[in-house]
Amino acid sequence: MSGRRETVRTFQKQDLLLIVFAVLLAAAAFSWFQLQPSRGLVAVVEQEGNVLYRIDLDQQAQTEILDLGGPYHVTLAVEPGAVAFQHSGCPDQTCVRVGKLTRAGQAAVCLPARISVRLEAADGEQAFDAYTGAVQWGKGP
């Protein structure tokens, strides 16, 4: 043995460049999807599988409160380009905490009241097969 110890470099300049490139690419993709102008949106409100309302959100000029009543007294806030559960007497309040729905494919459900709200593109096309959103706990619509 020569007594010389080999050192293995685990992090090189090329690795840093690759990481920076990947972060910039992810930031660009995120910005592109978030800054896309929303196409015409229709809110579909259902109770027990029956369509109660189809609301064209582009036709909304101001915020309106839609009272759905029922045993949990559910109300929706409908505004230009967005809809949200404003109030529900259900115990867990998950539907209210979802917040505003603003993109085609998004949905919110109040399971105890059996009411669902989903957004569809007005032209009938969906931009995505599915949409995953983050819930910010403690923040309302």
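Colleague: Which residue does the side chain of Arg-54 meet in a salt bridge?
Modeller: This is a predicted model: local features need pLDDT of at least 70, side-chain atom pairs count only at pLDDT 80 or more, and totals for chains, interfaces and linings use all residues. Residues are numbered from 1 along each chain as its sequence is written, and side-chain values use heavy atoms, with hydrogens and water left out. A salt bridge requires a side-chain nitrogen of Lys or Arg within 4 Å of a carboxyl oxygen of Asp or Glu. At 3.2 Å, N to O, the partner of Arg-54 is Glu-120.

Colleague: How many residues apart are Arg-54 and Glu-120?
Modeller: Strands are DSSP runs of E with at least two residues and helices are runs of H or I with at least four, both numbered from the N terminus. Arg-54 belongs to strand S2 and Glu-120 to strand S7, so defined. The pair thus links distant parts of the chain, with a separation in residues of 66.

Colleague: Is Glu-120 buried or exposed?
Modeller: Buried means under 20% relative accessible area, exposed over 50%, and partly exposed in between (1.4 Å probe, protein chains only). Because its relative accessibility is 19%, Glu-120 counts as buried.

Colleague: Which residues does the salt-bridge network join?
Modeller: Glu-120 also forms a salt bridge with Arg-118, the closest N and O atoms being 3.0 Å apart. Arg-118 has a relative accessible area of 28%, so this residue is partly exposed. Through shared partners, one network joins Glu-46, Arg-54, Arg-118 and Glu-120.

Colleague: Which strands stand at the edges of the open sheet?
Modeller: The open sheet has 4 strands in the order S2-S1-S7-S6, paired antiparallel, where pairing needs at least two DSSP bridges between two strands. One side of each edge strand is left without a neighbour in the sheet, because each has a single partner strand; these are S2 (50–56) and S6 (107–110).

Colleague: Which residue in S7 stands opposite Val-109?
Modeller: S6 and S7 (residues 115–121) run antiparallel and are joined by 4 bridges. Opposite Val-109 stands Ser-116.

Colleague: What distance separates the C-alpha atoms of Val-96 and Gln-86?
Modeller: Val-96 is placed in helix H2 and, because its relative accessibility is 12%, counts as buried. Val-96 and Gln-86 are 10 residues apart along the chain, and their C-alpha atoms are separated by 5.9 Å.
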